[in-house]
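Let's take a friendly walk through this structure together. Keep the 3D view open and turn it as you read.

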Amino acid sequence: MPASYFKQSYQHDLAILVCCTQKQYAPYLKKGHDFCSQRKVNSSNPPLNTVLEFLVSLHEQGLSYTTINTARNALSAVILPTDNVNIGSHLTVSHFMKGIYKSNPPMPRYCTTWDVNLVLIFHRCPNQQSQV
């Protein structure tokens, strides 16, 4: 296959990634914009305390750490960096997120898991399968 095919494929994959990211971030960008509008603050360059108040409001709504972290990433993607630091990487925001993580850690993805040892025994000793 020609090199141009791979370049087009890469650009297509990149466009899909950007599209999916936009879909994931869109609700939090809208909430952040509305939050700033209510406080008459520029949503593309809000002060740090406004960003923290927004993240606190999401926490008070009972949203999970993962959801609040997605909102933080969304804001970092659109808010102008201050002193070459993205708002999501700011020390105060990072400390806040650590606190959220500790107070409300992410839930495991699965309620139950397989006992791998049983599977290995099953494959190791096919003649003793009835004992497993």
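Contact here means that heavy atoms lie within 4.5 Å. Please also keep in mind that this is a predicted model.

Within α4, the residues V93, F96, M97 and I100 are buried. If you look down the axis of α4, its buried residues fall within an arc of 100 degrees, so they line one face of the helix. Now turn the helix around. The face of α4 turned away from its buried side carries the exposed residues L91, K98 and K102.

What covers the buried residues of α4? The cover includes α2 (48-60) and α3 (65-78).

A search of the whole structure finds 2 aromatic pairs. In one of them, the ring centres of Y65 and Y101 are 5.0 Å apart and the planes stand at 80 degrees, so the pair is edge-to-face. Y65 lies in helix α3 and Y101 in helix α4, so the pair ties together parts that are 36 residues apart in sequence. Y65 is buried, at 17% relative accessible area, whereas Y101 is partly exposed, at 41%.

Next come the charged side chains. Over the whole structure, a search finds 2 salt bridges. D34 forms a salt bridge with K30, and their closest N and O atoms are 3.0 Å apart. D34 and K30 are 4 residues apart in helix α1 (residues 3-38), which separates them by about one helical turn. With 31% relative accessibility, D34 counts as partly exposed, while K30, at 53%, counts as exposed.

In another salt bridge, the side chains of R39 and E53 meet at 3.6 Å, N to O. R39 lies in the loop between α1 and α2 and E53 in helix α2, so this pair ties together parts that are 14 residues apart in sequence. R39 is partly exposed at 37% relative accessibility, and E53 is partly exposed with a relative accessible area of 39%.

How values were computed: Residues are numbered from 1 along each chain as its sequence is written. This is a predicted model: local features need pLDDT of at least 70, side-chain atom pairs count only at pLDDT 80 or more; totals for chains, interfaces and linings use all residues. Side-chain values use heavy atoms; hydrogens and water are left out. Buried means under 20% relative accessible area, exposed over 50%, partly exposed in between (1.4 Å probe, protein chains only). Helices (H or I, at least four residues) and strands (E, at least two) are DSSP runs, numbered from the N terminus. The arc is that of the directions from the helix axis to the C-beta atoms. A salt bridge is a side-chain nitrogen of Lys or Arg within 4 Å of a carboxyl oxygen of Asp or Glu. Rings of Phe, Tyr and Trp (its six-membered ring) pair if their centres lie within 6.5 Å; planes under 30 degrees apart count as stacked, over 60 as edge-to-face and the rest as tilted.
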